[in-house]
Amino acid sequence: MMLQAGFFLLGTLILAWLSRASLRQPRSHGFPRFLAWEAILALLALNGPVWFDDRYAAHQMVSWVLLQTSIAVLIAGLYMLRRVGKTDQARGDDELFAFEKTSQLVTVGIFRYIRHPMYCSLLLLAWGIFFKQPGLLGLLLALAASLFLWLTALRDEEECLAYFGEDYRHYMRRSKRFIPFVL
């Protein structure tokens with residue numbers, strides 16, 4: 001238990017340092033994203049000790065599928081941001097990470113179907129970690145992470161509308177937030 005608490009504390013310090021600009025801007029999408037990361041970190045501290053227990057149980061199989069899909073979605077999203085997004089370091093949004101400072105709206109590749117592949121990846125990660133050892137506390141943490149990621153996406157969309165304007169509004173009409181063709 002002490003090791004898990006230490007892991008959570010160290011992880012929180014790292015996440016707070018990485019999110020320091022967003023934490024100073026509570027209206028930015030980075031603020032609820034930090035809270036989602038915290039819920040995911042708590043899930044990892046909770047279920048990390050049983051990561052490889054009962055490897056062939058159904059819940060472990062579901063977990064591995066979600067975790068592997070999370071990685072695939074993350075890679076696809078980052079690839080398209082780098083390839084098409086035209087990162088502009090002169091963009092003044094201090095709370096954005098470097099890869100988020102795009103000057104070109106990305107609507108191809110995975111972005112053709114979903115607007116938020118990075119947040120989708122984090123949703124898959126949270127639920128993948130939850131399924132390592134399903135339980136009430138883990139369920140509450142996974143639901144909290146999901147709620148904070150939904151709030152993150154809503155705020156991110158407001159920011160994108162402000163930056164990209166009508167092009168983003170049109171893009172929103174033809175894409176889904178997290179799950180292609182569904183949500």
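## Y163, F164 and the aromatic pairs

Y163 is partly exposed at 37% relative accessible area, a label that covers everything between buried (under 20%) and exposed (over 50%), using a 1.4 Å probe and protein chains only. F164 counts as buried, with 15% relative accessibility. This is a predicted model, where local features need pLDDT of at least 70, side-chain atom pairs count only at pLDDT 80 or more, and totals for chains, interfaces and linings use all residues. Residues are numbered from 1 along each chain as its sequence is written, and side-chain values use heavy atoms, with hydrogens and water left out.

How many aromatic pairs does a search of the whole structure find? There are six, where a pair means rings of Phe, Tyr or Trp (its six-membered ring) with centres within 6.5 Å; planes under 30 degrees apart are stacked, over 60 edge-to-face, and the rest tilted. Helices here are DSSP runs (H or I, at least four residues), as strands are (E, at least two), numbered from the N terminus. The rings of Y163 and F164 also make an edge-to-face pair, since their planes are at 85° and their centres 4.8 Å apart.

## The tryptophans and their lysine

W51 is buried at 18% relative accessibility, whereas W64 is partly exposed at 28%. Together with F52, W51 and W64 make up one aromatic cluster.

Then there's K132. Its charged end sits over the ring of W64, 3.4 Å from the centre, and also over the ring of W51, at 4.7 Å from that centre. "Over" has a cut-off: NZ of Lys or CZ of Arg must be within 6 Å of the ring centre and within 35 degrees of the ring normal.

## A positive phi at D54

Most residues other than glycine have a negative phi, and most peptide bonds are trans. D54 has a positive phi instead, near 50°. D54 is found in the loop between α3 and α4, and it is exposed, with a relative accessible area of 54%.

## Salt bridges

Side chains of opposite charge can pair when their charged atoms come close. The structure holds three salt bridges, each a side-chain nitrogen of Lys or Arg within 4 Å of a carboxyl oxygen of Asp or Glu. One joins R115 and E157 at 2.9 Å, N to O. With R115 in the loop between α4 and α5 (117–130) and E157 in helix α6 (residues 136–164), the pair ties together parts 42 residues apart in sequence. Both R115 and E157 are buried.

E157 also meets R177 in a salt bridge, again at 2.9 Å, N to O. R177 lies in the segment after α7 (166–174), so its pairing with E157 in helix α6 ties together parts 20 residues apart in sequence. R177 is buried, as is E157.

The remaining bridge runs between E166 and R169, at 3.1 Å, N to O. These two are three residues apart in helix α7, so about one helical turn separates them. E166 is exposed at 52% relative accessible area, and R169 is partly exposed at 38%. As for the shared partners, salt bridges join R115, E157 and R177 into one network.

What does E38 do without a salt bridge? E38, in helix α3 (residues 30–47), is buried, and the nearest side chain of opposite charge, R33, is 12 Å away; Lys and Arg count as positive, Asp and Glu as negative, with His and the chain ends not counted. The side chain of E38 does make a polar contact of 2.9 Å with that of T12. Such a contact is a pair of N or O atoms within 3.5 Å; within protein, one must be able to donate a hydrogen and the other to accept it, and residues adjacent in sequence count only if both atoms are side-chain atoms. Setting aside neighbours within four places in sequence, E38 is in contact (heavy atoms within 4.5 Å) with F8, T12 and L15.

L46 is in helix α3 too, and is partly exposed at 31% relative accessible area. Beyond four places in sequence, L46 is in contact with Q4, L137, G138 and L141. L46 and M1 are 45 residues apart in sequence, while their C-alpha atoms are 9.0 Å apart in space.
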